[in-house]
Amino acid sequence: MSAKNMHIDRYERNWMIFSAIMLVLFATAVSVAAFGMGIQVPAPEQRVDPNTVATDPNSPWSNPGLREVSPGVYDAYILAHAIPNWEFLPKEITVPVGSRVSFYVTSSDVQHGFNIQNTNANFMVLPGQVSKLTITFKNPGTYNYICTEYCGVGHGVMYGAVVVTP
Amino acid sequence: MKQYQLSTGEKKFIGSHLLVAILALAVGSLFGPLQAFEHAGWDFYPYLKPFIKSYYQGLTVHGVLNALVWTTFFIMGFLTFNVTFALKRPLKNPTLNKVGFWLMVVGVVAAAIPILANEATVLFTFYPPLKANWAFYVGLTLVVVGSWVEGWGLFMTFAAWRKENPNVRSPFVAFASVLTALLWQICTLGVAVEILTMLLPWSLGLIEGVDPQLARTYFWFTGHPLVYFWLLPAYISWYAMLPKQAGNGKMFSDSLARLSFWIFLVLSTPLGFHHQYVDPGVPPVWKFIHSMLTFGVFFPSMMTAFTVVASLEHAGRKQGGKGALAWIGKLNWSDPSVAAQLLAGILFFFGGIGGLTNASYNVNLVLHNTAFIPGHFHLTVATAVTLSFMGISYWLLPYLTGRKLWNPKWAVAQAWTWFIGMIIFSNAMHIVGLQGAPRRVPLGLAPYVPAEWNSRLFQVGVGGAILFISGALYLTVMLKTALNKEKVTEEVEVPMAEAMQDPALTPDWLDRWAPWIYGSLALIVLVYGPVLFDMIKNIALTSPGFRVW
Amino acid sequence: MAKKDKDDDDEFRPTGTIAVLTIFVITLIAIWATIYWILVGRGGTL
């Protein structure tokens with residue numbers, strides 16, 4: 001054999017075909033979850049000015065908290081800040097079980113993260129941007145929301161909670 | 001046949017890279033176990049207060065020195081060795097390479113000063129608007145520019161060789177090393193633009209604010225291919241050196257090895273959004289496109305898995321290995337270089353699994369910024385890469401210095417303790433991450449830690465302790481080797497596995513650079529262009545800097 | 001070049017490689033699917 005042919009071993013060829021099929025199946029499963037079941041990643045929601053977002057009376061984050069949109073459907077405006085004391089505002093919200101809550105979270109200083117434990121609400125919080133995901137609380141209990149991005153020495157104490165009442 | 005001889009000056013130059021790399025690892029690795037101990041509730045940071053102000057300053061030292069300095073210096077040294085040795089010619093312009101090296105050294109010093117002064121406690125991702133002292137950004141820039149200059153030196157050398165040897169297949173090791181340096185040049189454009197257009201002028205007070213979303217996008221343009229910059233040198237060793245060391249095996253396929261490297265070049269940059277799946281300012285359609293390309297870049301790693309394992313099996317069979325798996329035992333496990341790299345490869349299987357899971361679009365919602373992530377990258381960069389580099393250094397240091405490896409048994413023990421410590425540490429991190437534990441948190445002090453995490457956090461500490469011992473063993477072996485009075489009788493043989501099929505039969509299109517380079521640049525423009533254009537058009541430099549540490 | 005070697009190598013079938021990679025792939029699919037089911041079990045985000 002002197003021609004410069006790409007020599008591929010039979011086993012290796014089969015392995016490559018198998019790998020490609022497996023990756024296509026994973027991609028399909030991910031797409032079904034995203035487009036069939038509505039398990040999506042955050043989309044651009046709104047740009048804000050981080051310097052005024054917490055103080056401007058027209059900004060919902062100047063008065064962060066829960067707003068009932070219709071029975072069982074809520075918007076939660078949450079402000080993350082490192083200054084002065086590493087916390088989410090409000091520190092706690094309470095909703096009845098079965099509630100569908102849209103979280104609108106932004107930061108007035110550095111980057112933060114927002115992870116409601118044991119749910120799919122897990123995203124970055126950036127100054128100047130609003131992060132939004134909507135989830136339904138199917139079971140009663142206390143769900144901590146924890147800051148998941150380094151935001152200074154107080155990062156480890158920064159958390160709040162969604163209390164889901166029966 | 002005598003092997004090609006490097007001059008003493010060349011050996012010294014490569015050795016200086018190793019020296020800086022190992023010094024960085026020595027200091028950086030001191031803090032890894034401290035973090036792990038903190039998780040288990042054994043917090044030593046209060047005792048370090050006079051030198052290190054916080055857990056996060058320690059974490060910054062650990063990340064910058066281990067993930068950036070140790071890797072970059074080792075890699076540039078190893079690539080320089082590979083290119084000169086495999087091409088059997090000296091560097092075209094050694095002064096250029098020296099300039100690059102010294103720029104990197106000056107950069108490390110410039111960045112180290114503010115880090116040690118607690119003026120740059122921004123972790124190795126330095127996300128703005130956390131604002132470090134300007135010297136930190138200058139230092140990073142110099143490290144990147146220095147590595148570029150060294151890369152240019154390698155390109156010139158390769159081009160000179162090509163001119164002298166037209167119509168000859170390039171040696172795989174040199175080809176792959178030049179490709180790695182090229183990948184690095186392309187991908188570091190992101191972080192260069194981030195620092196030069198935003199962070200540096202901002203830290204100098206020339207501009208008032210930055211756009212954090214745009215900064216993250218620039219950062220991850222570099223951040224993911226950075227992973228391949230770390231990995232590919234280990235792959236070079238696994239493909240072309242390890243089979244020889246493990247039992248005189250041959251490289252199973254030269255052409256597929258080259259093909260997988262080309263796919264890495266083309267696909268490793270245009271998928272950075274898989275680190276930004278849960279960023280608010282990136283449209284999901286682009287995140288999805290990047291996720292599909294991420295599945296694509298997993299493919300050459302699957303090819304690598306096959307070729308490397310088959311080459312090792314070839315070695316094992318040559319040594320009389322039988323059975324489906326028993327041949328593994330026939331590999332040369334008593335050679336510390338082999339043991340380290342085989343163990344690194346075994347854990348890399350799990351690193352790959354975790355990586356694919358993280359990168360699977362919405363599956364990232366379960367894992368993003370949980371302890372699963374550091375669990376994952378301690379299998380990849382901190383084991384597949386780092387333990388392989390340690391393995392390489394077990395022959396490279398004796399080769400460069402002419403001194404015998406001090407106590408190979410200790411070196412074998414080092415590889416095994418790293419392997420065991422990392423299994424315990426990383427397994428616990430993955431699981432506690434799945435249970436919801438965030439990364440980058442001193443979990444020993446966090447107020448929200450539920451009882452169910454405690455047993456795992458204890459294991460994190462145990463793993464860290466074993467890794468501490470392993471790190472100390474490595475440094476001892478390196479130091480004792482560098483000072484060893486016992487010289488090697490003949491120059492250490494550089495392990496180079498032949499390919500099973502004569503590389504001259506590898507198709508020409510796998511040895512041509514231009515189409516692949518244009519292809520990779522075009523793909524980057526296609527999948528990054530529209531988003532970056534939009535972000536830059538709507539740039540909002542509204543975030544002032546914060547020093548919150 | 002090295003005609004003799006080539007004959008030896010032509011007989012080399014990487015069966016052990018298939019064994020190693022089979023174990024790898026089963027582990028990969030198991031772990032990936034486990035985490036995927038966690039995701040699906042937690043429900044939509046829109």
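**Exercise 1. Chain C**

What percentage of the 46 residues in chain C do buried residues make up?

Solution. The structure is a predicted model. A residue is counted as buried if 20 or more other C-beta atoms lie within 10 Å of its own. By this rule, buried residues make up 20% of chain C.

**Exercise 2. Where chain B touches chain C**

Find how many residues each chain gives to the contact between chain B and chain C, and describe the side that belongs to chain B.

Solution. Begin with the totals: 21 residues come from chain B and 19 residues from chain C. Next, look for elements of chain B that give two or more residues to this side; they are helix H11 (284-318), helix H12 (336-358) and helix H13 (364-367). Of these, H11(B) gives the most, with seven residues. Finally, sort the residues of this side by class: 14 are nonpolar, three are polar and four are charged.

**Exercise 3. Helix H12 of chain B**

Compare the length of H12(B) with its expected span, then locate its bend and describe its burial.

Solution. H12(B) has 23 residues, and at 1.5 Å a residue 33 Å is expected. From the first C-alpha to the last the helix reaches 32 Å, which is close to that value. A bend of about 25 degrees is found at B:Phe348. As for burial, H12(B) is mostly covered, with 21 of its 23 residues buried.

**Exercise 4. Helix H7 of chain B**

Check whether the span of H7(B) agrees with its number of residues, and list what is buried and what covers it.

Solution. Helix H7 covers residues 189-203 of chain B, which is 15 residues. The expected span is 1.5 Å times one less than the number of residues, so these 15 residues should span 21 Å. The end C-alpha atoms are 20 Å apart, which agrees. Just after the helix, B:Gly205 takes a positive phi of about 85 degrees.

**Exercise 5. The largest nonpolar core**

Identify the residues that touch the most other members of the largest nonpolar core, and explain why this core lies between two domains of chain A.

Solution. The core has 250 residues, and those touching the most other members are B:Ala21, B:Phe73, B:Leu343, B:Leu347 and B:Ala415. Helix H3 (residues 55-87) of chain B supplies the largest share of this core, 21 residues. In chain A, domain 1 (1-40) and domain 2 (60-165) both give residues to the core, so the core lies between them. The C-alpha centres of these two domains are 39 Å apart. To see one member in detail, take B:Ala415 and leave aside its neighbours within four places in sequence: its contacts are B:Pro336, B:Ala339, B:Ala340, B:Leu343, B:Leu387 and B:Gly391.

**Exercise 6. Where chain A touches chain B**

State how many residues each chain gives to the contact between chain A and chain B, and name the element of chain A that gives the most.

Solution. The contact takes 58 residues from chain A and 56 residues from chain B. Elements of chain A giving two or more residues are helix H1 (10-36), strand S6 (112-116), strand S7 (122-125) and strand S9 (141-146). H1(A) gives the most, with eleven residues. By class, this side of chain A has 31 nonpolar, 19 polar and eight charged residues.

How values were computed: Residues numbered from 1 in each chain as written. Chains lettered and ligands numbered in written order. Predicted model: local features only at pLDDT ≥ 70, side-chain atom pairs only at ≥ 80, totals over all residues. Helix = DSSP H or I, 4+ residues; strand = E, 2+ residues; numbered from the N terminus. Buried ≥ 20, exposed ≤ 12 C-beta atoms within 10 Å, placed from the backbone. Contact = placed C-beta atoms within 7 Å. Nonpolar A, V, L, I, M, F, W, Y, C, P; charged D, E, K, R; others polar. Core = buried A, V, L, I, M, F, W, Y, C linked by C-beta atoms within 7 Å. Domains from an automatic or database assignment. Bend = angle between axes of the 7 residues up to and from the residue.
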